[in-house]
Amino acid sequence: MSDIKVLWVDDEIDLLKPHILFLEKRNYNVTTAQSGTEALEEIRKQNFDIVFLDENMPGLTGLETLSELKEYEASLPVVMITKSEEEYIMEEAIGSKIADYLIKPVNPNQILLSLKKNLDHSRLISEKTTSNYQQEFRKIAMDLSMVNSYEEWADMYQKLVYWELELEGIEDSGMFEILESQKTEANLQFCKFIDKNYPKWFENGADSPTMSHTLFKEKVVPQLKENGSTLLVVVDNLRYDQWKAFEPFLSNFYKKSSEEMYYGILPTATQYARNAIFSGLMPSDMEKVHPDLWLNDTDEGGKNMHEEAFLKAQLKRLGMQLNWSYHKISSLKQGKRLVESFKSHKDEDLTVVVYNFVDILSHSKTEMEVIKELASTDKAYRSLTQSWFKNSPLMEIIQQAAQMGFKLIITTDHGTINVKNPSKVIGDKQTSLNLRYKTGRSLTYEDRDVLVVKEPKSIHLPTINMSSSFIFAKGEMFFAYPNNYNHYVGYFRNTYQHGGVSLEEMVIPFAVLDPK
């Protein structure tokens, strides 16, 4: 028996008796009202699932009734029924967020279709999404055993994120668990692929993806050679799924010209990956070419203080004479200051904005219980990113850039992963502190949990001393020292970290958008 309650409001309700009987035979519970005033009284007395509302009534008109009804219960779906196709009525009704509208005379099947469309919409979408993913699941499982190139891995990750976003709106937790297990399996295979292939990407003439140190030259420079101003936004610590979550907010100002994935270098940490973007060099080369700017893990001082100087040197090396500026935003105050002064950059060829918010968020998630609760899952983390972006100075900067005709490039230096499983590691006092990678001498670790690089120079990383090596945590692992182990594990489990090997950290977005 259906418990769907319908309120039908029409001053000629008696003429609609056949329609009402038609719905009641299909187990809809229909209450009628002959005026707007009567309808509002009914709505105050009982809860309805949907309202059919005649536009043309004596006394309170349909639009006036709609306005009062929405003030009382904003989320109640209303289907407006009108004799007239006059544009202003449609515009006003749609502006008041009606769920649907029908033109008189209506037949019973139109009413039934409108009910199904509005009340069964989410269930129907949920069923279709589930059945589509069930079909795709087998294909993904087969593909996972055969993926063997960096292009295929980028495609696979995009596909997994697509399904994650599709399934997040439905109630079927079983499907979501299947997808989660596929993501875990994908990371397991991806780590094997990186272990085997990553060092080869640095060999002369190798077929290698665009990576942090080649991103500017290969992807940004071709955009700069076209006329006009370009705004390059590097949102620190932004995963592909988070980018997809806030991308729709840009559609009023920008249309996407291209979107591709590139690979963050190891370690997937800001001081390595972001410095590599701006210098156009791998870390061991930065150490050689810019000994005055590069700091190793064990050196004192901020590791990301010289990005502007690195970019200046890279532009000079590339022979590019540009009018450009660089801005790093680490606080709301700095963001607002750039919003206020952005018009002064209208004649620049390149305006670079590094936005640290997502990094601040994911780090503060580790330290702040409130954030930890707000972003306890990837879905919640995406939602938090969405909410931030919509209300951030960055959104205002992007709106201004669109009005001034700037091309927009959005990218990141690395992603981040929710860590769940601890792995014991022992090192001396000189060992680096990151939870997803360690560098130092005589490290003791669980072989199966890590990707080991005994010769850092083989992947163009600095050697802090003669016998130092690098280890990178795989998938959802994070490193914990044996002393005070349980406290440490409880504190960091289910937090977002970066620096290791996973699709989420290494396979990251690069999008180019043109102003509308």
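Reader: How are α9 and α11 oriented to each other, roughly parallel or roughly antiparallel?
Author: This is a predicted model. In the model, helix α9 (residues 212-224) and helix α11 (residues 270-279) pack at an angle of about 30°. Angles under 35 degrees count as roughly parallel, and α9 and α11 are therefore roughly parallel to each other.

Reader: And how far apart are the axes of α9 and α11?
Author: The axes of α9 and α11 are 6 Å apart. The crossing of α9 past α11 is right-handed.

Reader: Which residues meet there?
Author: From α9, Ser212, His213, Leu215 and Phe216 meet Ala273, Ala276 and Ile277 of α11.

Reader: What about α7 and α8, roughly parallel or roughly antiparallel?
Author: Helix α7 (residues 150-167) crosses helix α8 (residues 173-197) at roughly 165°. Since angles over 145 degrees count as roughly antiparallel, α7 and α8 are therefore roughly antiparallel to each other. Their axes come within 11 Å, and α7 passes α8 in a left-handed crossing.

Reader: Which residues of α7 take part?
Author: Tyr150, Trp153, Leu160, Trp163, Glu164 and Leu167 of α7 do. They meet residues of α8, among them Met175, Phe176, Lys183, Ala186 and Phe193.

Reader: Changing topic: which residues of α2 are buried?
Author: In helix α2 (residues 36-45), the buried residues are Gly36, Ala39, Leu40, Glu42 and Ile43. Seen down the axis of α2, these residues fall within an arc of 160°, so they line one face of the helix.

Reader: Why would such a spacing point the same way?
Author: An α-helix has 3.6 residues a turn, so residues three or four places apart point the same way.

Reader: Now threonine 416. Where is it, and is it buried or exposed?
Author: Threonine 416 sits in the loop between β10 (407-411) and β11 (417-419). With a relative accessible area of 0%, threonine 416 is buried.

Technical notes:
Residues numbered from 1 in each chain as written. Predicted model: local features only at pLDDT ≥ 70, side-chain atom pairs only at ≥ 80, totals over all residues. Heavy atoms only, no water. Helix = DSSP H or I, 4+ residues; strand = E, 2+ residues; numbered from the N terminus. Buried < 20%, exposed > 50% of the residue type's maximum accessible area, 1.4 Å probe, protein only. Arc of directions from axis to C-beta. Axes fitted to C-alpha atoms, helices over the stretch in contact; angles between N-to-C directions. Parallel < 35°, antiparallel > 145°, perpendicular 65-115°, else oblique. Left-handed = near helix turned anticlockwise from the far one by under 90°. Contact = heavy atoms within 4.5 Å.
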